[in-house]
Every structure is written in structure tokens, then in C-alpha cells.
Amino acid sequence: MDINTIRAIERPRRPADVTHWRPGLAWLSGGTWLFSEPQPNLDTLLDLRAFDWPSLAVTADGLEIAATARIRELDRFVPPPEWVAGPLLSLCCRALLMSFKVANEASVGGNICMSLPAGAMISLTVALEGTYTLWPRDGKERTLPALGFVTGNHANVLAPGELLRSIHLPASALARNFAFRRSSLVHQGRSATLVVGTSRRGTDLLLTITAATPRPLQLRFDHMPDAATLRRAIDAAVEQDGFFDDVNGAPAYRRHLTYHFAEEIRAELAALESRA
């Protein structure tokens, strides 16, 4: 849509070119949310494409994803064969409610910074034990685990003007086995519950719960738990009123599916140990 409050789109070549931050400024990446509704508090957009960051880079340590990488680029990425969890990249890209036109413009970092419960790039990066590199306005780079970035529905740790620069997915996490479950109320609708488990051949379990809760939750077990232990851990991690409530799913629905998917994932990954 046209946003009649925007007076300028600037294209700085580096963050330092933005010498001061003020109300009315916003970073522009894909812009698929910015241009989807009125932005009465904004008058200037700062286009991140001018920074020309390489979208994806495979290293010995894992995968580096620029915040400006398009979701379609990640969806089409072919991971090295030793990255057993590589298919999770595409599964999460396709878990998003978006048309092909939006997928070609929406950015990985934009989805993360929107910090919606159903943000599948959040699900992906938390499940694969990612870390985020942030560029504060004072120029002192900081990193933090993906799990600690989102603090609630549409809320995160970013300070005014701070940038999400990149996401690192470690090779050790990409080499783990995985299981993926997702539900939505309608075909290709917004996720109501999205649960991912990863494991070293069924010997341990890292379970990530997203979409069903306002922020990601993660349960780590050094040994594969039994069904009762897993259920008790979910009970302890999610308060009675801790499941998200909106038009995409009632809390009771999300709670039921979280338990159901978690047990399916546990059983699927536990079976790997017997086949090792």
C-alpha cells in the first residue's frame, strides 16, 4: 500500500552514515510488513539493501545468514549433505503465511524482528541453536542466543535504531537429526503450533516450542526422556495461562497440540537409537 506519511527513503552505505537516531526513522529490509498497513509514526525509511551484505555463506563453523537475506533464497539453498537438519531450512520457510511475491521480498531478519509467535524464522534459528549478531547505535557489536531475542508477542530486545546484522547456525546443530510438526486452523494458514526436536541419533533431545506460546520455549534433555518425563517438563515450562490466544488458535487447542506433537517427535527421534 502507499504510505502517505513517508517523506523519504534513504540508502546509507553503512550504519555509521546514520549519524543520529530519532523518532520517525525505521530500517527497511523486505518491507512486506511496513507496506502492509499504515505507519503514522514514521516519515523516513533507511534501506538496508544498500549495505549489500552477502545473503548466505557456508563456513566450517556452519551457516551465516544476513538479516537481509530473502526467505526465498534460504528456501532454495541446498545444504551440504552432512547437514542432516538441512531440510528444516525449507520446512520453516514454507511454514510462513505468505504469497510467492511476499516470499521473494520478505527477509529472514525482518521475520525475526517482527517477533510474532508464528515467526517461522524464529522457530528455525532457535531450534538450530543459532546466535544473532546485533549492531547497536554505539557501534559496539553484541551477540546473543536466538532463544533470548524474542521476549513476547511482537516484542524483542532490540534498542531503538539497533540492527540485527546476521544469524549464525552452527554446524554441530545442523548435523543433528530432526523432527518437525506444525498445525494451522486452515490450509496454509498462520501457524498455531510449531514444534521442532533435534537429537544425536536418539541419544538426547532438544525440543523447541513456538507459535503456541508468545515467545520460544526450549527444553533440553541430556538423555532421551520417556513420555511422562517430557510431559512434566512441558508443564513446568509453560504456565497454565502461558499458551497464546488469538484467531489462529485457542490456548486449549495449542496446548493439546504441543503435547501431541512433542510426544510424536520424542518417539520418532528415540527410534533412531535402536537403528544406530
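Let's start with Cys92, which is buried at a relative accessible area of 0%. Buried here means under 20% relative accessible area, while exposed means over 50% and partly exposed is in between, using a 1.4 Å probe and protein chains only. Cys93 counts as buried too, at 5% relative accessibility. What you're looking at is a predicted model, where local features need pLDDT of at least 70, side-chain atom pairs count only at pLDDT 80 or more, and totals for chains, interfaces and linings use all residues. Residues are numbered from 1 along each chain as its sequence is written, and side-chain values use heavy atoms, leaving out hydrogens and water.

A disulfide is a covalent bond between the sulfur atoms of two cysteines, and the cut-off used is a pair of cysteine sulfur atoms within 2.5 Å. The cysteine sulfur closest to that of Cys92 belongs to Cys93, and at 7.4 Å it is too far for a bond.

Now for some strands. Helices (H or I, at least four residues) and strands (E, at least two) are DSSP runs, numbered from the N terminus, and two strands pair if DSSP finds at least two bridges between them. Strand β6 (residues 131-135) pairs with β7 (residues 142-145) in the antiparallel sense, over 4 bridges. Leu134 has Arg142 of β7 as its bridge partner. The two strands form a hairpin with 6 residues between them, and in the turn Gly139 has a positive phi of about 85 degrees. β6 is also joined by 5 bridges to β10 (residues 163-170), again running antiparallel; there, Thr133 partners Ser166.

Next, look at the rings. The whole structure holds 6 aromatic pairs. Rings of Phe, Tyr and Trp (its six-membered ring) pair if their centres lie within 6.5 Å; planes under 30 degrees apart count as stacked, over 60 as edge-to-face and the rest as tilted. Phe77 and Trp83 make a tilted pair, because their planes sit at 45 degrees, with centres 6.5 Å apart. Phe77 is buried at 18%, and Trp83 is buried at 6%. Elsewhere, ring pairs link Trp21, Trp27, Phe51, Trp53 and Trp135 into a cluster.

Tyr259 is one of the buried residues in helix α8.
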